[in-house]
Amino acid sequence: MIVSRLPADWFGNIRGDLLAGLVVALALIPEAIAFSIIAGVDPKVGLYASFSMAVIIAFTGGRPGMISAATAAMALLMVTLVKEHGLQYLFAATILTGVIQMLAGFLKLGSLMRFISRSVITGFVNALAILIFLAQMPELIDVGRATYPMVAGGLAIIYLLPRVIRFVPSPLVCIIVLTAISMSVGLDLRTVGDLGELPSSLPVFLLPDIPLNIDTLLIILPYALTLTFVGLLESLMTASIVDDLTDTTSDKNRECKGQGMANIATGFLGGMAGCAMIGQSVINIKSGGRGRLSTFAAGVFLLVLIVGLGDWVARIPMAALVAVMIMVSIGTFSWSSIGNLRTHPRSSSIVMLATVGVVVYTHNLAAGVLVGVLFSGIFFAWKVGQIVRITSSASDDGLERTYVVTGQIFFASSETFTSAFDFQEVLEKVTIDVSRSHFWDISAVAALDKVVIKFRREGSEVEVVGLNEASTTIVDKLAVHDKADALDLLSTH
Amino acid sequence: MTSILACVDGARYTSSVCEYTAWAAKRMNASVRLLYVNDFHAAEGMDFDLSGSLGASEQETLLAEFTALDEQRGRLAQKRGRLILDEARNRLTSAGVANVLTRQRHGVFVDTVIELEEIADLVVLGKRGESAKSTISPHLGGNLERVVRASQKPVLVASRMFQPISRFMIAFDGGPSINQGIEYISQMPLLKGIDCCLLMVGADNDGNLRRVSAAAQTLIRAGFNVETRIKSGNPDDVIPSEVAANNIDLIVMGAFGHSRIRTLIIGSTTTATLRNCRIPVLMFRA
């Protein structure tokens with residue numbers, strides 16, 4: 001029923017969406033500039049990217065009201081590419097990222113998000129906040145003394161002004177006030193204009209100036225793959241945050257395709273790869289944005305502001321941007337996760353900390369998430385593997401013994417399973433009742449095999465009871481359920 | 001057992017929806033499910049914070065704030081829905097309908113109706129819902145067209161005032177929708193024994209004559225007393241004037257046969273009929 005909701009998606013909340021779009025556009029300007037600096041490209045590249053990502057995702061995205069633009073998570077992944085191969089390769093990588101993301105959308109890979117646990121997500125968010133903060137360091141170390149009071153003053157405006165006035169974006173006030181001070185007093189501060197070119201016109205369509213061959217592909221592919229992964233991850237994560245805040249649902253696979261289309265267009269318009277932004281999306285919802293119009297308006301306002309005010313934007317002191325980015329970093333960090341370290345299960349905390357640690361060390365969010373997912377998978381297997389109980393009872397004459405197995409038998413618990421049997425005991429007959437257990441994989445079957453063979457070698461007759469019930473889980477997966485005796489054969493040879 | 005899905009929303013059409021539902025339920029010996037869709041949007045209309053700043057753990061604070069707000073409003077909306085449903089049920093039971101269920105659901109109105117109509121044989125709703133701001137304006141509720149377009153079931157659109165149905169008119173255009181409607185009428189007891197006026201707006205030629213008489217035959221075989229008529233002119237004018245001239249109490253028609261885009265430019269006979277005739281319309285869409 002997407003069609004029936006279309007008008008509501010766009011025009012259900014016009015006033016709120018336009019206002020929120022304006023607030024978001026104002027907040028996007030410093031961020032887009034700051035992220036361009038992280039990636040090592042002209043502010044122009046991030047600003048064009050933010051414009052085109054926002055405008056296109058407004059049409060193609062699966063989550064109305066979510067803001068996509070140039071982001072820190074993506075910018076951090078392109079640093080080496082830009083440094084070693086240059087800007088044109090970044091555009092090509094952006095386009096390729098979009099293609100792979102669309103592919104992921106068509107393959108419905110969005111549903112793989114379920115394997116990313118809560119702890120990994122918290123780790124991702126915290127790592128992102130830390131990286132955004134660390135990215136401000138070059139502007140805070142070895143700079144003129146005037147920078148520090150300026151940043152402090154900026155932060156004071158950002159945090160204290162909303163207590164008095166709630167209808168003017170406080171980051172904007174911070175930027176205006178700091179720019180005014182620096183210009184009137186004539187402070188010797190680095191400004192946005194010192195960092196590279198700002199856009200003076202609308203973006204134009206251009207083909208990346210690169211040789212189209214395998215070598216190029218091999219250069220950009222690894223970057224495109226990590227960009228795809230991180231971009232979709234942050235986008236889907238943000239989508240579920242917006243889902244929660246607005247108490248509505250979104251189409252995750254459509255979002256993947258939409259991100260892809262937005263990145264393809266962005267690459268051709270001379271922008272860097274982007275994705276959904278947690279902070280900006282929260283600001284949008286907080287300011288009353290709900291529909292697609294809010295995202296669209298944010299992109300359009302951004303471009304209008306930047307093209308119209310280009311000369312003024314160049315004079316913004318970096319100290320003002322640093323203050324805004326510190327706010328973004330603080331707002332992104334999940335502060336409750338620190339307190340939760342004490343109350344949450346230790347395995348969850350380890351997953352979270354491992355994710356943060358790997359990201360901060362490698363500056364690569366994809367690596368951190370992979371490690372986090374791996375850890376949570378291992379912890380889960382370990383926990384479930386403990387749910388095994390093997391009890392036994394001997395017959396009165398001591399010649400027969402029955403083992404009863406309950407619980408989950410798979411690779412992580414097969415060792416426990418095997419070691420629970422006493423092969424030293426001399427028995428005429430052994431009965432293994434597995435009807436109340438589940439055999440999940442080949443390791444489990446092999447372990448049972450091993451036990452049966454060992455008892456046989458000791459000269460005992462072995463009977464396995466209830467294997468059919470126990471192994472339906474694996475039979476289903478291996479698609480041999482049409483052969484009713486397949487596993488019986490396997491376990492009695 | 002046949003079953004009717006009746007949508008109430010507390011707007012002015014609710015009472016006539018109940019009366020037409022009771023009428024239909026008794027004629028078809030049907031059970032009734034009364035539906036109220038609780039369609040309030042999260043944190044709608046609150047005083048938003050445009051400060052554009054992100055506090056520490058903004059997301060958690062915001063979620064707590066929205067939840068608290070929605071909780072209050074949700075509770076109120078729920079209570080209101082319950083009252084509306086209770087009143088509607090009382091009307092139906094006192095009108096002699098034995099089997100009445102009430103359902104209150106969260107969600108988008110159209111989607112909810114489509115989801116629940118699966119086991120229904122008839123959907124009843126008012127010409128204008130709560131969301132159409134004023135009952136005086138000639139504009140129809142936006143939900144109506146969406147429901148009719150999406151629905152697989154016949155939709156009875158209730159007019160403001162209930163009046164007993166002693167004569168109904170079939171606005172016949174020979175299309176698949178109205179043919180499906182004629183089949184429904186011949187098979188279901190809803191309109192059995194009521195005088196039928198079969199009107200075709202179009203040229204008085206052999207082709208039209210043949211199609212009208214074929215339709216009439218179906219109805220006569222089903223035991224209807226049918227009067228056929230072919231009139232030339234613009235259906236938007238002919239249908240209302242025929243309705244007035246013949247004391248018609250209900251129109252049966254195929255609905256929204258054209259695409260949304262054509263409707264946007266040329267307009268729709270369905271919309272014109274709904275707007276100009278102050279009687280209920282039973283719509284089919286094949």
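Analyst: A residue is buried here if 20 or more other C-beta atoms lie within 10 Å of its own. The model is predicted, and of the 493 residues of chain A, those that count as buried make up 50%.

User: What span should helix H4 of chain A have, and how far apart are its end C-alpha atoms?

Analyst: H4(A) covers residues 72-85, which is 14 residues. At 1.5 Å a residue the helix should span 20 Å, and this agrees with the distance between its end C-alpha atoms, 20 Å.

User: Which residue follows H4(A), and what is its phi?

Analyst: Gly86(A) comes after it, with a positive phi, near 100 degrees.

User: Which element gives the largest share of the side of chain B that touches chain A?

Analyst: The contact involves 23 residues of chain B and 38 residues of chain A. On the chain B side, helices H2 (58-94), H3 (109-116) and H4 (142-150) each give two or more residues. The largest share, seven residues, comes from H2(B).

User: How do the residues on that side of chain B divide by type?

Analyst: The side in question is the one formed by 23 residues of chain B. They divide into six charged, six polar and eleven nonpolar.

User: Which strands are at the edges of the ten-stranded sheet of chain B?

Analyst: The sheet is open and mixed, in the order E3-E2-E1-E4-E5-E10-E9-E6-E7-E8. An edge strand pairs on one side only, and this holds for E3 (100-106) and E8 (226-231) of chain B.

User: Which residue is the bridge partner of Ala6(B) in E4(B)?

Analyst: Strand E1 of chain B (residues 3-7) pairs with E4 (residues 122-126) in the parallel sense, over three bridges. In E4(B), the partner of Ala6(B) is Val124(B).

User: Is Ala272(B) buried, partly exposed or exposed?

Analyst: Ala272(B) belongs to helix H9 (residues 269-276) of chain B. Buried requires 20 or more other C-beta atoms within 10 Å, and exposed 12 or fewer. Ala272(B) has 16, so the residue is partly exposed.

Key:
Residues are numbered from 1 along each chain as its sequence is written. Chains are lettered from A and ligands numbered from 1 in the order in which they are written. This is a predicted model: local features need pLDDT of at least 70, side-chain atom pairs count only at pLDDT 80 or more; totals for chains, interfaces and linings use all residues. Helices (H or I, at least four residues) and strands (E, at least two) are DSSP runs, numbered from the N terminus. The expected span of a helix is 1.5 Å times one less than its number of residues. Two residues are in contact if their C-beta atoms, placed from the backbone, lie within 7 Å. Ala, Val, Leu, Ile, Met, Phe, Trp, Tyr, Cys and Pro count as nonpolar, Asp, Glu, Lys and Arg as charged, and the others, Gly among them, as polar. Two strands pair if DSSP finds at least two bridges between them.
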